[in-house]
Amino acid sequence: MREVIQAPAVLEGSPVPPGDKSISHRALLLNSIARRRATVSNLCVGDDRASILRCLRGLGVRIEHHIAHPWDYSTDNFVVHGVGPDGFSEPSTVLNAGNSATTFRLVSGLLATQPFFSVISGDPSLRERPMDRIVSPLMKMGATIMGRGGDCLPPLAIRGGNIHGVRHKLAVASAQVKSSLLIAGLLAEGETVIEQPALSRDHTERMLAAMGADVEVDGLTITVRRSELNPLDVQVPGDMSSTAFWLVAAASHPNACIRVKHVGINPSRTGVLDVLAAMGARIHKENVRADGSEPTADLVAESSDLRATEIAGDMIPRVIDELPVLALAACFARGTTTIRDAGELRVKESDRITATANGLNRLGARIEELEDGMSIRGVGGLTGAESESYGDHRIAMTMGVAGLLAKGETTVIDSEAADVSYPGFWDTLRSLQGTTRAAS
Ligand code: S3P
């Protein structure tokens with residue numbers, strides 16, 4: 001698919017983002033380990049959701065999908081029939097995590113605790129993503145794991161069971177790795193202690209605590225001991241990473257106001273709000289709510305006079321998924337923005353440093369690649385051109401938003417990549433301005 005976009009004179013609307021992808025994964029997986037049923041509502045949508053559901057069902061977990069109103073997926077419910085830590089069954093075929101590294105890494109943590117043989121794999125992009133970061137600590141805990149090449153690339157063959165807790169220092173601030181080890185630690189003998197170099201999203205820690213697990217967080221150190229989980233009904237908040245596209249669109253467009261309701265504002269995810277505030281973006285919160293373990297708010301973003309900033313250090317894990325679209329905002333800011341310490345971007349669904357720089361430079365941006373980031377000169381405007389998604393959902397959507405801001409016509413090739421996390425993205429984009437048309 002190709003999507004052809006033109007910048008509208010006015011950009012306005014109230015998009016409803018999908019449920020948070022990270023929280024959805026944890027709600028499904030942790031409730032599978034609990035013993036009774038739990039209901040998850042406003043689950044994320046898209047291919048990544050299909051991936052986690054497929055893997056858990058492949059392990060014998062019954063998960064029912066109840067459709068309340070076929071025209072509104074946000075009213076769907078998923079009922080998870082938890083099997084308990086010993087109730088998973090040996091999969092008779094390869095577990096397919098698709099494009100989702102979150103599915104792959106979290107499910108691998110569970111497989112390391114199970115006394116059976118399993119193989120987990122994914123699509124071509126996932127099969128090139130480094131897994132040694134989970135394989136080494138899970139093997140240290142006692143699991144037997146084999147993978148391809150020196151970096152333990154997928155597929156992984158895992159035989160787990162009888163594992164014991166370890167103390168592990170994470171080399172990178174990764175929530176996927178941390179969560180994989182927390183899940184393994186929950187079912188391991190003894191104590192598992194994880195030391196993080198910086199705070200990454202903490203949804204797993206919060207949900208484990210809400211489900212009654214023996215988990216303690218002391219600064220950047222997390223300790224988990226073997227425990228039973230109580231089932232937890234979860235109302236998943238809107239996804240901040242999906243919302244970020246609309247916030248940047250509004251802040252960078254000369255005549256815009258966009259309101260997004262019920263977005264998760266867990267502080268480990270709000271780096272994008274902090275960076276945009278430092279850039280002078282006019283974004284405010286309304287209806288801040290703290291019900292459940294994840295705070296939410298409505299966010300209102302308006303046209304802004306943006307200035308350059310520096311994004312580096314401990315901020316990086318808090319904005320890791322939003323960096324491509326923040327690079328787009330930086331094109332509209334006065335001065336030169338630098339992004340540093342973000343080498344992890346090179347091992348995401350695509351090499352997001354190269355993909356972002358190449359994609360936006362085609363539209364007239366002045367972005368220089370750095371080994372661990374980008375230097376982005378504010379050029380004040382972009383000109384439409386043809387660009388690619390690199391098969392990466394966040395690059396597809398960044399280029400879509402660029403089309404809302406660029407002069408002339410922007411074409412995004414392989415635009416269906418957005419379906420991984422935001423299947424309604426292109427319709428929503430059209431609804432905010434009404435002048436794009438889809439071509440096939
Ligand atoms: C995720 C963590 C992040 C993020 C990914 C989802 C998660 O990766 O990029 O989209 O749900 O744990 P890392 O923190 O592992 O880099």
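Colleague: What does Glu368 stand opposite?
Modeller: Keep in mind that this is a predicted model. Glu368 faces Ser375, a residue of β21.

Colleague: And what makes β20 and β21 a pair?
Modeller: Two strands pair if there are at least two bridges between them, and β20 (residues 366–370) and β21 (residues 373–377) have 5 bridges, so they count as paired. The sense is antiparallel, and with 2 residues between them the strands form a hairpin.

Colleague: Why is Thr204 called buried?
Modeller: Buried means under 20% relative accessible area, and Thr204 comes out at 1%, so the label holds. Thr204 is part of helix α6, residues 203–210.

Colleague: Which residues does Thr204 touch, leaving aside neighbours within four places in sequence?
Modeller: Arg26, Ser179 and Leu182. Each counts as a contact because it has heavy atoms within 4.5 Å of Thr204.

Colleague: Where else does α6 turn up?
Modeller: In the lining of the second largest pocket, where α6 gives the most, with 4 residues. That pocket holds about 260 Å³ of space. Of its 16 lining residues, the closest to the centre are Val234, Gln235, Gly292, Ser293 and Glu294.

Colleague: How do you know the class make-up of that lining?
Modeller: Gly counts as polar and Glu as charged, so Gly292 and Glu294 fall into those classes. The whole lining gives 6 nonpolar, 6 polar and 4 charged residues.

Colleague: What about the largest pocket's volume and lining classes?
Modeller: Its volume is about 550 Å³, and its lining divides into 10 nonpolar, 11 polar and 17 charged residues.

Note on methods:
Residues are numbered from 1 along each chain as its sequence is written. This is a predicted model: local features need pLDDT of at least 70, side-chain atom pairs count only at pLDDT 80 or more; totals for chains, interfaces and linings use all residues. Side-chain values use heavy atoms; hydrogens and water are left out. Buried means under 20% relative accessible area, exposed over 50%, partly exposed in between (1.4 Å probe, protein chains only). On a 1 Å grid over the protein atoms alone, a cavity is a set of points where a 1.4 Å probe fits but cannot get out, and a pocket is an open set with protein on both sides within 12 Å along at least five of seven lines; lining residues have an atom within 4 Å of a point. Grid points are joined across faces, edges and corners, and a volume is the space filled by probe spheres set on the points.
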